[in-house]
Amino acid sequence: MSRQRKVKTTPSRKSRHSPAQIIALAALGIGAVLIVGLVILAQVTGKGPTTVAASDDVLALGAEVYGNTCAACHGENGEGYGIPQAPALNETEHAWHHPDGQIQEIIKNGGKVMPPLGDQLTDGEIVAVIRYIQTWWRPDQLRQQQARSLQYPLQ
Ligand code: HEC
């Protein structure tokens, strides 16, 4: 009678993953974390302008137009609510979500309460006041707004 050796047919828990597999899994995990990190980093620091592309002269004109025409309703520094319905135009609210072309349109044609100002301001003054407002936004807001403005630029 021959002696039969008992052969294990199921691998022990210990050996279910070879060291190579463990290294591969770890690499995948680290890779996933890295990718998520890079995506977040790109959102925050991604390419695109984060400063307003306008000369000092244009910004000075924009400040003048703003003070004369917009500040009574939108606040001296864009903080809003000179009249109850006028939102902030600075970084605290929604203004920076609008692309350049849409802001130009709002200024020219007004809103429900805001008067149309297209007859009162030149095209150059409207661009200048938009650039001036943009100086209140955070770099990441400005970058997103400029990306959207590629789809809806100044007309
Ligand atoms: C008489 C008050 C008044 C004046 C003057 C005025 N606005 Fe407004 N503005 C408003 C109101 C109110 C709204 C909200 C929309 C509405 O109800 O008309 C608004 C909306 C806006 C918005 C959209 C904001 C958002 O978050 O959606 C922008 C941009 C804007 N105004 C820019 C300007 C600029 C620039 C000037 C000056 C050239 C100006 N406004 C002058 C009252 C005014």
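Let's start with Cys 70, which is buried because 23 other C-beta atoms lie within 10 Å of its own, where 20 or more is enough to count as buried. Please keep in mind that this is a predicted model. Cys 70 belongs to helix H2, residues 56-74, and is also listed among the residues closest to the ligand.

**Around Cys 70**
- Gly 80 is 10 residues from Cys 70 along the chain, and the C-alpha atoms of the two are separated by 9.8 Å.

**The ligand shell**
- The ligand is surrounded by 24 residues, and the closest are Cys 70, Cys 73, Gly 111, Val 113 and Met 114.
- Two elements, H2 and helix H3 (100-109), each give two or more residues to this shell.
- H2 gives the most, with five residues.
- Sorted by class, the shell holds 16 nonpolar, six polar and two charged residues.

**Helix H4**
- Helix H4 covers residues 123-134, and its 12 residues should span 16 Å at 1.5 Å a residue; the end C-alpha atoms are 17 Å apart, which agrees.
- Nine of the 12 residues of H4 are buried, so this helix is largely enclosed by the rest of the structure.
- On the list of buried H4 residues you will find Glu 125, Ile 126, Val 127, Ala 128, Val 129, Ile 130, Tyr 132, Ile 133 and Gln 134.
- These buried residues pack against H2, H3 and helix H5 (139-151).

**Tying it together**

Notes
Residues are numbered from 1 along each chain as its sequence is written. This is a predicted model: local features need pLDDT of at least 70, side-chain atom pairs count only at pLDDT 80 or more; totals for chains, interfaces and linings use all residues. Helices (H or I, at least four residues) and strands (E, at least two) are DSSP runs, numbered from the N terminus. A residue is near a molecule or strand if its C-beta atom, placed from the backbone, lies within 6 Å of it. Ala, Val, Leu, Ile, Met, Phe, Trp, Tyr, Cys and Pro count as nonpolar, Asp, Glu, Lys and Arg as charged, and the others, Gly among them, as polar. The expected span of a helix is 1.5 Å times one less than its number of residues. Two residues are in contact if their C-beta atoms, placed from the backbone, lie within 7 Å.
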